[in-house]
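I opened the file to look up what surrounds the ligand, and then to check the chain as a whole. My notes follow in the order I made them.

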Amino acid sequence: MNPMIEVKNVWKQYGDNVILENLSTTVYEGEFITLVGTSGCGKSTFLNMLLGTVNPSKGEILLDGKPISDEPGPDRGIVFQQYSVFPHMTVLENVMATKGFQAKGITGYLFGKKKQQAKQEATSILEKVGLDHALNKYPHELSGGMKQRLAIAQALLGKPRILLLDEPFGALDPGIRADMHELVLGLCKEHKLTVFMVTHDLKEGFYLGTRLWVFDKLRVDHQAPNRYGASITYDIPVGQTDPALYETIDDEIRPITANAS
Ligand SMILES: Nc1ncnc2c1ncn2[C@@H]1O[C@H](COP(=O)(O)OP(=O)(O)OP(=O)(O)O)[C@@H](O)[C@H]1O
């Protein structure tokens, strides 16, 4: 089987600040990669490179053997922790608007048959994420979990092959998070998605992922903290981890995790 994504010697730096250093890895279709690491080590930057909104400073990322498009496309959907929706539109209208932007670009207006079709697609995807009872609600009437269900519906609308999740459940209560985990696992199976998910919760990373990456710096210069960037220091197939390794990773990411939450 050919790899879906190849990351080849990728570096990212802003001015003298090296964020990511010489990342190389390969990902196959259907993998669920969870990314953990201290705050600011470059996890979101990496996700944005996969999305196409950030370019590597050096190296390249290939998708199906070709350089990844440097514009977000419908093959990649993303969900952030903080999601912004149009406050004056209902749940259904928000999803239809996304469909409109995908089809028409910035004007976003659909008419006639296309509008009817968009409505059907939006309703069906909202059913899948469990929001069929809330089609006519406005964003301010939604709970945190419902907002993230809406965000997931928007991300799935373009029928992406790759789903990028940037701490999507960080702000949710544990019970709601558990519901969201089941939802995401079900959707991944149904839509055969390849997923990259940033989380600060190591347990969540191990529960959801088929493979867990730890981002950390391999070398540190205390005189010049920005001199070196993070790499993938652990790449662990989930299910093959012994408790001692779990503790080691937990210790590595814990101090900043506590500050970040
Ligand atoms: N456009 C930018 N210009 C300059 N520096 C940037 C830019 N975007 C990100 N950075 C810096 O890159 C570093 C990595 O940021 P990133 O958001 O990728 O980290 P992260 O690991 O996702 O952090 P967190 O876990 O806190 O979300 C940070 O120091 C950030 O300030």
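Predicted model: local features only at pLDDT ≥ 70, side-chain atom pairs only at ≥ 80, totals over all residues.

I then listed the whole shell: Tyr 14, Ile 19, Thr 38, Ser 39, Gly 40, Cys 41, Gly 42, Lys 43, Ser 44, Thr 45, Glu 167 and His 200. Sorted by class, I have seven polar, three nonpolar and two charged residues there.

The side chain of Ser 39 has an N or O atom 2.5 Å from a ligand oxygen atom. For Thr 45, a polar side-chain atom also lies 2.5 Å from an oxygen atom of the ligand. Gly 42 takes part through its backbone, with a polar atom 2.9 Å from a ligand oxygen. I noted the cover too: on its own the ligand has 640 Å² of accessible area, and the protein covers 58% of this.

I went back to α1 and asked how many of its residues are buried. The count is eight of nine, so the helix is largely enclosed by the rest of the structure. I wrote down the buried ones as Lys 43, Thr 45, Phe 46, Leu 47, Asn 48, Met 49, Leu 50 and Leu 51. Two of these names, Lys 43 and Thr 45, are also in my list for the ligand shell. After the helix comes Gly 52, and I read a positive phi for this residue, near 105°.

Then I turned to the chain as a whole. I find seven helices and 10 strands. Of its 261 residues, 47% count as buried. The accessible surface is about 13,300 Å², and carbon and sulfur atoms hold 51% of that. Among contacts with a separation of 6 or more, 68% join residues 24 or more positions apart.

Last, I checked confidence. The mean pLDDT of the chain is 87, and 89% of the residues score at least 70. Strand β1 (residues 5-14) has the highest mean, 97, whereas helix α7 (residues 243-260) has the lowest, 66. Over residues 256-261 I see pLDDT under 50 throughout, and the model has five contacts beyond four places in sequence for this stretch. For the complex, the predictor gives an ipTM of 0.97 and a pTM of 0.87.

Key
Residues numbered from 1 in each chain as written. Heavy atoms only, no water. Near = heavy atom within 4 Å. Polar contact = N/O pair within 3.5 Å; in protein donor to acceptor, adjacent residues only side chain to side chain. Areas by Shrake-Rupley, 256 points an atom, 1.4 Å probe, with all protein chains shown as cover. Nonpolar A, V, L, I, M, F, W, Y, C, P; charged D, E, K, R; others polar. Helix = DSSP H or I, 4+ residues; strand = E, 2+ residues; numbered from the N terminus. Buried < 20%, exposed > 50% of the residue type's maximum accessible area, 1.4 Å probe, protein only. Contact = heavy atoms within 4.5 Å. pLDDT = per-residue confidence, 0-100.
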